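Hi,

Here is the structure I promised to pass on. Have a look at it first, and then read on for what turned up.

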Amino acid sequence: LTTLRMHAELLQEGLVAPASLATIHDDLVRESARLGRLVENVLAVSQLEEGRRILDLRPGDLAAHVQEVVAAQARHVASKGFAPVHLELPDEPLTLRFDAQAIEQIVVNLLDNALKYAASGDHPQISVALERGPGRVVLRVQDRGPGVPEAERERVFQRFVRIEQASTAHTPGTGLGLSLVRDLARAHGGDAEVRPRPGGGAEFVVWLPA
């Protein structure tokens, strides 16, 4: 919100050089989108706490929906210096009943988490995979960030909890995103957890009943 106000005031006072306009406009779009996601998360958490969030479960192709959500985030991912998301989807439609908005919030929050904590290296990349398992569908979002210490792997899903690490101490965030991911997964009858990624990094796993 501070960034939005500062840039708006600079534009209002004519203090932005023409050569800087594109950068200012990109900042306005990016920060307003981030603020929008924050508001959506706060509202969703409030609704879940009060029992007012009723999932709109409809049959659909989960793989196609995840692909659409990832594609919609492509510009945001690129703006953070990341390579395009590596997407692994089944060849056949993955049909089950799910709440499209809730799945979008799950995927966007997991991508946003990876963008915050896995930005080191040249052209870092996030991997998103979807597969069918016995009686369930599994979504995996992997990064090459610092990972999550074993003692903190349950705490990261608690509201307003953030892992205290020197390398990420100044990373902006509220500690709501991962809590919402688990809450929405459980509302579907599934769950979410985080594991160490082989070779370094974190793997967030969300499963839904098939």
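Pro-149 sits in the loop that runs between β5 (136–142) and α6. Helices here are DSSP runs of H or I with at least four residues, strands are E runs of at least two, and both are numbered from the N terminus. Pro-149 is partly exposed, because its relative accessibility is 36% (under 20% relative accessible area is buried, over 50% is exposed and in between is partly exposed, with a 1.4 Å probe and protein chains only). Its C-alpha atom is separated by 8.4 Å from that of Pro-196, 47 residues apart along the chain. The loop between β5 and α6 also holds Pro-146, which at 47% relative accessibility is partly exposed too. For Pro-146 and Ser-120, 26 residues apart along the chain, the C-alpha separation is 9.2 Å.

Before you go further: this is a predicted model, so local features need pLDDT of at least 70 and side-chain atom pairs count only at pLDDT 80 or more, while totals for chains, interfaces and linings use all residues. Residues are numbered from 1 along each chain as its sequence is written, and side-chain values use heavy atoms, with hydrogens and water left out.

On to α6 itself. Why is this helix (residues 177–187) described as largely enclosed by the rest of the structure? Because eight of its eleven residues are buried. Those are Gly-177, Leu-178, Ser-179, Leu-180, Val-181, Arg-182, Leu-184 and Ala-185. They pack against α2, α5, β6 (191–196) and β7 (202–209). After α6 comes Gly-189, with a positive phi near 95 degrees.

Asn-109 is buried, at 9% relative accessibility. Neighbours within four places in sequence aside, Asn-109 is in contact (heavy atoms within 4.5 Å) with Asn-41, Gly-177, Leu-180 and Val-181.

Now the inside. Not counting residues up to four places away in sequence, Val-66 touches Ile-103, Val-107, Val-128, Leu-130 and Leu-139.

Last, the second largest pocket, with about 470 Å³ of space. A pocket is an open set of points on a 1 Å grid over the protein atoms alone where a 1.4 Å probe fits, with protein on both sides within 12 Å along at least five of seven lines; lining residues have an atom within 4 Å of a point. There are 18 lining residues, and Ala-33, Arg-37, Ala-72, Gln-73 and His-76 are the closest to the centre. Helix α2 (21–49), α3 (62–72), α4 (74–79) and α5 (100–117) each give at least two lining residues, and α2 gives the most, with seven.

Enjoy exploring!

Key: Grid points are joined across faces, edges and corners, and a volume is the space filled by probe spheres set on the points.
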